[in-house]
Amino acid sequence: MKTLLRGLWLLLFSLSAASAAIPGWSLKPENSHAQVHVYNDVPAEGKVRLLLDVIPNEGWKTYWRTPGDGGFRPVIEWDPQVKTQWRWPRPIRFDSAGFSSVGYNQRVVFPLEITTSETQQLHGKLTLSLCSNLCVVNTFPLDIDLSAGASPDFADAWENAMAAVPPESGNMTVSSVTTDGDMLTVKVTSADGWLQPDVFTDNPTGTNLSPPQIEFAGDTLTARFSVSDDEGKPLDASRLQPLSLVVSNGAQSQQLTAGIRVSTTLWQIMAVALAGGLILNLMPCVLPVLGIKLASLMTLAQSSRRETRLRFLATAAGIIFSFLVLAAVITGLRLSGAWIGWGFQFQSPWFIATMVVVTWLFCFSLAGLIELRLPSGLTTRLATAGGNGIGGSFLEGAFATLLATPCTAPFLGTALTFALAAPLHQLWLIFFVLGLGMSLPWLVISMVPGVARWLPRPGPWMGKLRLVLVLLMLGSCLWLMSLLVKEWGARYVLIGGGIMVAFFLYRCAVSMPQHKENLRTLVFGVLFGAGLYAFLAPHPQTEKSSLLNWQPLSQTALNEALEAKKSVLVDITADWCLNCRVNEVLVLHRPEVVAALNRDDIVLLQGNWSKPSAEIEQFLSRYGASGIPFNAIFGPSTPQGHVLPSLLSKDELLSVLAKANSASSPDFIKEKE
């Protein structure tokens, strides 16, 4: 029935014609069932703003960008073709005879932004569908004189029109979007509570969402939709891409977007969290800390089983404790209404500076120059239960967790995405399981402490291995120092870092008996640090653009590229993201990948999350990402985007890129305001 109704609309579109020229303000055309007026601003920088003012006759209505079961949205065809960005005021819902449509039954003003090189005239045709007891399609020729200047009071009229467009920020937050078969459930929270709410969704390509079934209690609104294809057959809702919707609440409204995740049980998420925490041990961020534990194993080769067990239990306790501290911090931020992503604390220069000092102290510990202990007044039992090294083992575990937070491991993103939107008690449970997964190797060793006896007996090899581990930790310290250059300036960072590294190398030299070995250690340490800094330090944008032509990430830039039938690679990175650097070196900067990405039909959009960014956070939230690296490919055949794994593969990237541009359709993109 709905398909038949759409067919009738197409027939009306081809048969109807009620026309009137609109040079600025227009009169009501005969039999149009609406008055239409157009204001224009002065063209500037290749763009001109228009206000399309539509006043339906009493008892008539027109339609929103996703009209529902009847009608179609207003369309303007320009001659020659130019880009039109529509902004849509909040609509209302019309239910009649089992059909539901979305639109406007009173005066509505659409703010439009036209990208054009024209400065004298704009010619086009507005097609407007209008319904009462019957439906008609009207066409209005547009003849706009741009040379006459702005219409009177245009600036005030533009502000008033934009005030009716739902903003992208406010008190409403999507807490979860889940699926079960062909059912889609959206939960939205509002600190203001709910009063006469409604939800309007954009239909993904080839998909229809039913009118919502709405329930609300306290600060939470629940909207349930059934999902079908264009023929009305049920679809698997879990295959939908991120959802775009407008939520109205009394006189307020807000534009929201959210990623969709398949309904899973808490036990499944806990299993994923356990695996994600375990794999986190293999990420580049954590490798220097694994070196610390390897050094601990060397020192424990001749220790008692009890001391070995206690040392590794202390490391596991430090890991789990740090995950619970992160859960407490995220809980506080969530209660304040902030969006949180994995590794967010690395956006603070003071946190990075603290980590610089900690890694510097661990260099001394690995070199055997000092022994790290917890304050005895804070954890006396832990610091003395199994010897002087128990407190240091606890700190090793805590430090490993903090150093791991910029890394997004396989399975970790899934668990974090669930946790960050879950009720607080589930968030704490998932973070505990993440800590349990990361500490699992140390817990296993504590259960079988005899593994320490499998290592070779102490000998000269231990000194060489210890030197390698010291250099790994020193490299981590230098990398963290490099992250402070943009914030504090290269001069102060180099002075402070040079003093710290020089003092450490001096202490190493003093502790070594032979001057020749001292000199080798100093030279090798300086060369290692300089090389590591050159590889990991943030490169100027000009150096990056020599290989790939990155443009700043924005939703507008993405929409423009898709409207031009181009494929898009989105890359969200940060200076502190080691996995992002690995992706750059091993995949994105490979010659064959660079050649593929530098084609004229490919647009590269990059966002830098080194500092908090509301736009980037909204983008990550929209696609269900909990952290970075984030890479996604869009194109004519994948307008909703294909999110790539956090660790890129050259073959998969090129394959998805080829598929994204394998099809083209004139209706592949919807406006996302």
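Leaving aside neighbours within four places in sequence, with which residues is phenylalanine 619 in contact? In this predicted model, phenylalanine 619 touches Leu553, Gln555, Leu558, Val570, Ile572, Phe630 and Phe634, where contact means heavy atoms within 4.5 Å.

The model is a predicted one, in which local features need pLDDT of at least 70 and side-chain atom pairs count only at pLDDT 80 or more, while totals for chains, interfaces and linings use all residues. Residues are numbered from 1 along each chain as its sequence is written, and side-chain values use heavy atoms, with hydrogens and water left out.

**Nonpolar cores**

Phe619 is among the residues with the most contacts inside the largest nonpolar core, which has 49 residues; the others named are Val568, Val570, Ile572, Phe619's partners Phe630 and Phe634, and Ile628. Apart from this core lies another, of 31 residues, among them Leu52, Trp88, Ile114 and Leu122. A nonpolar core is a set of buried Ala, Val, Leu, Ile, Met, Phe, Trp, Tyr and Cys residues joined through side-chain atoms within 4.5 Å. Buried means under 20% relative accessible area, exposed over 50%, and partly exposed in between (1.4 Å probe, protein chains only).

Helix α20 (residues 614–622) contributes the buried residues Ile616, Glu617, Phe619, Leu620 and Arg622. Their cover includes α17 (555–563) and the strands β18 (252–258), β21 (567–573), β22 (602–608) and β23 (630–635). Helices (H or I, at least four residues) and strands (E, at least two) are DSSP runs, numbered from the N terminus.

**Aromatic pairs**

Eight aromatic pairs are found in a search of the whole structure. Rings of Phe, Tyr and Trp (its six-membered ring) pair if their centres lie within 6.5 Å; planes under 30 degrees apart count as stacked, over 60 as edge-to-face and the rest as tilted. Two of the pairs are tabulated here.

| Pair | Centre distance | Plane angle | Class |
|---|---|---|---|
| Trp86 and Trp88 | 5.1 Å | 15 degrees | stacked |
| Phe321 and Phe394 | 5.7 Å | 45 degrees | tilted |

Phe321 in helix α5 (residues 305–335) and Phe394 in helix α8 (residues 390–404) are 73 residues apart, and their pair links distant parts of the chain. Phe321 is partly exposed at 46% relative accessible area, whereas Phe394 is buried at 14%. Trp86 is buried at 4%, as is Trp88 at 2%. Trp86 and Trp88 form one aromatic cluster with Tyr104 and Phe110.
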